[in-house]
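Student: Before we go into detail, could you show me how to read a protein model from its overall fold down to a single helix?

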Amino acid sequence: MPRIKDILYVRFNVSDLTKQQQFLDDFGLQTEIDGDLLLARGTDSSRYIYLAEQSAEPGLVSVGFAAESATALREIAAIDAVEVESNPMPGGGLIARLTDPNGFRVEVVTGIDNAAELPVGGRSAFNSGVAKQRFGERVSIEPVDCLVKRLGHVVLMVHDFHETFAWYQTRLELLISDEIVMENDGQEQTLGAFTRCNRGDEFVDHHTLFFIHAGQAEFNHAAFEVADWDVLMKSHYELKKAGYQHSFGVGKHILGSQVFDYWKDPDGIMLEHFTDGDLFNESFGSHKRSPGDLLGTLWGPEGVPGQ
Ligand SMILES: [Fe+2]
């Protein structure tokens, strides 16, 4: 039985909770402030996919994963002899709190009550050049408050890829989708890897966590899935008009195939919108790819998201 279903939430410290709430609303999440805590959800049934508290030191606090079951959660907790506790967050459930070799806090949860799904919106059928699907009808894009469906992945810069991956593989049973390797003096060197959940025959995102072998520990970005290309582009122009800081995109990755659009939140923390990503199951296996494949795009700007 797989140990985790998926990534579930990211938790941050932010310098200004009200400003952050406005940004997240504009970014397409549905937010509420409960006491000192900012909670944000997407249209999927998870009660929260983004959490934040105000602090003079903004940054990542933890990454949350949904365990397959209470049994799976207990198995994970037992590896580090940490307690399985009642989750104090809305929706309750159980939580185990771990710390990875880089000092990143990892939370594994299960049994959280789901909320009702929200309207996804979307648009009328798409007429591509080769397959017409919309006849006698104008395009309409349904207006919705909540553009984001779910949290898709997190990218972490880590001290040592191999040590970090071994830690996550042991606990979360992640699989490598694409390992980025380069030849160095005849030796193969790993620059990082895209890793996905192992749910057997079930198809999952190309990556849930991407680890960059960096010799240092630093959060890179969190990526939120939106319904489709129209939603992504419409939001791109609205965020631009609202004066937010754009980071990188729009483009389409080679590895994972996502259409991407990277933004900076008010603290300069990078958050991504994506759509049309690859889905693989266990039988897709693990592959070695070049730095060129990592940095290249199917279309759009080349390079990596940064300033
Ligand atoms: Fe990403």
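Tutor: We shall take the overall shape, then a helix, then the core. This is a predicted model, in which local features need pLDDT of at least 70 and side-chain atom pairs count only at pLDDT 80 or more, while totals for chains, interfaces and linings use all residues. Residues are numbered from 1 along each chain as its sequence is written.

Student: How many helices and strands does the protein chain have, and why is the chain called as compact as a globular protein of its length?

Tutor: Helices (H or I, at least four residues) and strands (E, at least two) are DSSP runs, numbered from the N terminus, and the protein chain has 5 helices and 20 strands. The globule rule is 2.2 Å times the number of residues to the power 0.38, and the radius of gyration is taken over C-alpha atoms; here that radius is 19 Å, close to the 19 Å that the rule gives for 307 residues, so the chain is as compact as a globular protein of that length.

Student: Which residues of helix 1 are buried, and where do they lie around its axis?

Tutor: An α-helix has 3.6 residues a turn, so residues three or four places apart point the same way. A residue is buried if 20 or more other C-beta atoms, placed from the backbone, lie within 10 Å of its own. In helix 1 (residues 17–27), Gln-20, Phe-23, Leu-24 and Phe-27 are buried. Seen down the axis, the buried residues fall within an arc of 95° (taken from the directions from the helix axis to the C-beta atoms), so they line one face of helix 1. Just after helix 1, Gly-28 takes a positive phi of about 105°.

Student: Which residues have the most contacts inside the largest nonpolar core?

Tutor: A nonpolar core is a set of buried Ala, Val, Leu, Ile, Met, Phe, Trp, Tyr and Cys residues joined through C-beta atoms within 7 Å. The largest has 76 residues, and those with the most contacts inside it are Tyr-50, Ala-67 and Val-108. Strand 1 (residues 4–14) gives the most to this core, with 7 residues.

Key. A residue is buried if 20 or more other C-beta atoms lie within 10 Å of its own, exposed if 12 or fewer, and partly exposed in between; C-beta atoms are placed from the backbone.
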